[in-house]
Amino acid sequence: MSTLLLVIIAILLLLLIVLIGAIVFFALRHFKENIQVEDKVDVKKRVSPFCVDHDGVFASASCAITGESLCDECLTSIDDLKIGKKNIDLYTPYKWSELTMFRNSHSDLEDRIKLVKKNLWENNNMPLIIKGHYKINVESDEIESFTTLICKDLDEKVVKKELSFLKL
Ligand SMILES: [Zn+2]
């Protein structure tokens, strides 16, 4: 009798272990998948609040060329743009042209452009400058925000292709 009981207990324990193992396995897998999805979603939005070159110093803007977060000390202003002092050689020697200017309306489009900027920079070493500015609409007396896209003349063909959804 007691042997039978022990065998039943042993079988039940074994089942319990298998069950817990399965739960842990699927929970971990689910968790991992979620993290990966979040990574993909956040990639374009993840901007550090700190200067990449100064630990603990708050960034004041991101470099128009590289997109890195930088503090006032690391940034300089040229042509109404904030550019990292260390990246100035990536800007001044070249001729730049405005690709397009549009009124900001849907953030989806802006996110898409930011993603193109990121990919162009990381994969092709081609900077795409996204410049935001405001205009006062005299008729409606409202402030409207605009975005201008600027690239090097040298890169124009490739950049336009990447931005084909804008129909430039
Ligand atoms: Zn800094």
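K167 is found in the segment after helix α3 (156-162), where helices (H or I, at least four residues) and strands (E, at least two) are DSSP runs numbered from the N terminus. The model is a predicted one, in which local features need a pLDDT of at least 70 and side-chain atom pairs count only at pLDDT 80 or more, while totals for chains, interfaces and linings use all residues. Residues are numbered from 1 along each chain as its sequence is written. The phi angle of K167 is near 55 degrees, a positive value in a residue other than glycine. Most residues other than glycine have a negative phi. K167 counts as exposed because it has 7 C-beta neighbours inside 10 Å; by the definition used here, a residue is buried if 20 or more other C-beta atoms lie within 10 Å of its own, exposed if 12 or fewer, and partly exposed in between, with C-beta atoms placed from the backbone.

A positive phi is also found at D79, in this case near 45 degrees. D79 is located in the loop between β3 and β4 (81-84), and with 12 C-beta neighbours inside 10 Å it counts as exposed.

The secondary structure of the protein comprises 3 helices and 7 strands, and from the N terminus on the elements follow the order α-β-β-β-β-β-α-β-β-α. The radius of gyration is 26 Å, well over the 15 Å that the globule rule gives for 168 residues, so the protein is more spread out than a compact globule; this radius is taken over C-alpha atoms, and the rule is 2.2 Å times the number of residues to the power 0.38. Along its principal axes, the C-alpha trace spans about 95 × 40 × 35 Å. Buried residues make up 14% of the 168 residues.

The average pLDDT, which is the predictor's confidence in each residue from 0 to 100, is 88 for the protein, and 90% of the residues score at least 70. Over residues 38-45 the pLDDT is below 50, and this stretch has 4 contacts in the model beyond near neighbours in sequence, two residues being in contact if their C-beta atoms, placed from the backbone, lie within 7 Å. Where pLDDT is low, the predicted coordinates should not be read in detail.

The protein is divided into domain 1 (46-93) and domain 2 (95-168), with bounds that come from an automatic or database domain assignment. The C-alpha centres of domain 1 and domain 2 lie 19 Å apart, and the contact takes 6 residues from domain 1 and 6 residues from domain 2.

C74 is placed in the loop between β2 (69-70) and β3 (75-78), and C74 is buried, with 23 other C-beta atoms within 10 Å. Residues up to four places away in sequence not being counted, C74 touches C51, D53, G84 and K85. C74 and C51 are 23 residues apart in sequence, and their C-alpha atoms are 8.3 Å apart in space.

Of the 8 residues of strand β5 (residues 96-103), the number buried is 0, so the strand lies largely in the open. β5 pairs with strand β7 (residues 142-152) in the antiparallel sense over 7 bridges, where two strands pair if DSSP finds at least two bridges between them. Within this pairing, M101 stands opposite T148 in β7.
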